[in-house]
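Reader: Before we discuss how the ligand is held and how the aromatic rings are arranged, could you show me the model?

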Amino acid sequence: MKTKKPIAKKEEEIDAKKIRIRIVGIGGGGGNIISELSKKLKDFSSQKIDFIAVNTDKQALASLPKTIKTFPFGSNLTKGLGTGRNFEIGEKAAKEDVEKLKEVFKEERDLYIFVSSLGGGTGTGATPILTKLAEEMNLDVIGIFTTPFLFEGKKKMDAALKAIEKIKENVNAYMVLPNEKIFSMTKEEISFTDSLNLLNDHLSESLDGLLRTIYLPGLINIDWADIKTIIEGKNKTAYLNFAKAKSTNSAEEITNSLLKSPILKYSLDNADNVMFNVEAGKNLSLQLLSQISEKISDLSPNAKIIFGLTQNIKFKNDIKITILATNSEIEIIPKKKEKKKEKKIKEEVEVRKNALEIKEEEQKKEKKEDEEESIYEIPAYLRKK
Ligand SMILES: Nc1nc2c(ncn2[C@@H]2O[C@H](COP(=O)(O)OP(=O)(O)OP(=O)(O)O)[C@@H](O)[C@H]2O)c(=O)[nH]1
Ligand SMILES: [Mg+2]
């Protein structure tokens, strides 16, 4: 009997590897993050992934690596100097230059990833205009946004939240990373810039995992159609995270670190699509793989689950797993630590009160039973045996 050649699968794979992605960083923070990412992804040709930074601040654009295309806008209004933290100016500048901004989408791409740090003037004002343009052109967009630290003030946070409200209708899926979460990423005192880099690095590693999943051929391959399935639709929340481990770690440890991102609180309970890809050396055991897969499936009972496996001989005993899940609740504004403590104390008081009430009720019940039992001649403790 002739064995059938898997021609169809091969063609699919080639197609998937041909897809082109543009990563757009908007404003200062967006530019910083994509600059970090471009360093991580330097092995991918610019034919596959290209980077473009959009800003009103020409000096900020000039400081970016040469691998990033720069796209200044709004010079009439801002003279190339930024918006001075004024998102109304950012919005106005984008609206005035809307025809020029369309050029960001002039070359055809299969997917756009928008990265913007909300709270300042340019990112907050211009991102909703850019996502609206993308929606009008029927483009697939994943949005990744950071929200400001709580100490930066309510005004900035409100502006960021308002922008998210405008943006989310116009993107397939969006992820919100609160800068406030950086506090839980380190115990040590850290400079402001280094702290931002902690988040930027983590996000870059996650995105690196996603893009490798798309581009590297897999033993169990995730193809472009799979990614499209995950991000199909509009206004979906997204959770993208990675975990690095050793093949000696337990499935429990690995899944826990995958599902507990330090920068994004998320639960898989109501997720509708979950894609995860395992990149590992030859030593990865089938048992570990199946246990991890089972745990993820158990946690997201209603989701369509897409699983991929990429072998990387350089990895030896290392494992990197990347997860992308859509449509579940995300925490956009994390509570301040003090608030958390306050809540915990309140809950403890609540529990204690309940325990006292229950104890009292039990005592009353026991007393009543004793009284009832006392009418029998045989002592209660003998009857209970
Ligand atoms: N995670 C992260 N957040 C950043 C970074 N840079 C700035 N931010 C945050 O993003 C908010 C907006 O700052 P920028 O991105 O510099 O502002 P912009 O969009 O360039 O706007 P203007 O400079 O006011 O025109 C800040 O309040 C910070 O909370 C970064 O590199 N990483
Ligand atoms: Mg700026």
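Author: Rings of Phe, Tyr and Trp (its six-membered ring) count as a pair if their centres lie within 6.5 Å, with planes under 30 degrees apart called stacked, over 60 edge-to-face and the rest tilted. This is a predicted model, in which local features need pLDDT of at least 70 and side-chain atom pairs count only at pLDDT 80 or more, whereas totals for chains, interfaces and linings use all residues. Residues are numbered from 1 along each chain as its sequence is written, and side-chain values use heavy atoms, with hydrogens and water left out.

Reader: How many aromatic pairs does a search of the whole structure find?

Author: One of them joins Phe44 and Tyr215, a tilted pair with 5.3 Å from centre to centre and 45° between the planes. Phe44 belongs to the loop between α2 and β2 (49-55) and Tyr215 to helix α9, so this pair ties together parts 171 residues apart in sequence. Over the whole structure, the search gives a count of 9.

Reader: Which residue places a polar side-chain atom 2.4 Å from an oxygen atom of ligand 1?

Author: Polar contacts here are pairs of N or O atoms within 3.5 Å. Ser117 has a polar side-chain atom 3.3 Å from a nitrogen atom of ligand 1, while a polar backbone atom of Gly121 is 2.8 Å from an oxygen atom of the ligand. The residue at 2.4 Å is Glu152.

Reader: How much of the area that ligand 1 exposes when taken alone does the protein bury?

Author: By the Shrake-Rupley method with a 1.4 Å probe, ligand 1 taken alone exposes 640 Å². The part buried by the protein is 92%.

Technical notes. Chains are lettered from A and ligands numbered from 1 in the order in which they are written. A polar contact is a pair of N or O atoms within 3.5 Å; within protein, one must be able to donate a hydrogen and the other to accept it, and residues adjacent in sequence count only if both atoms are side-chain atoms. Helices (H or I, at least four residues) and strands (E, at least two) are DSSP runs, numbered from the N terminus.
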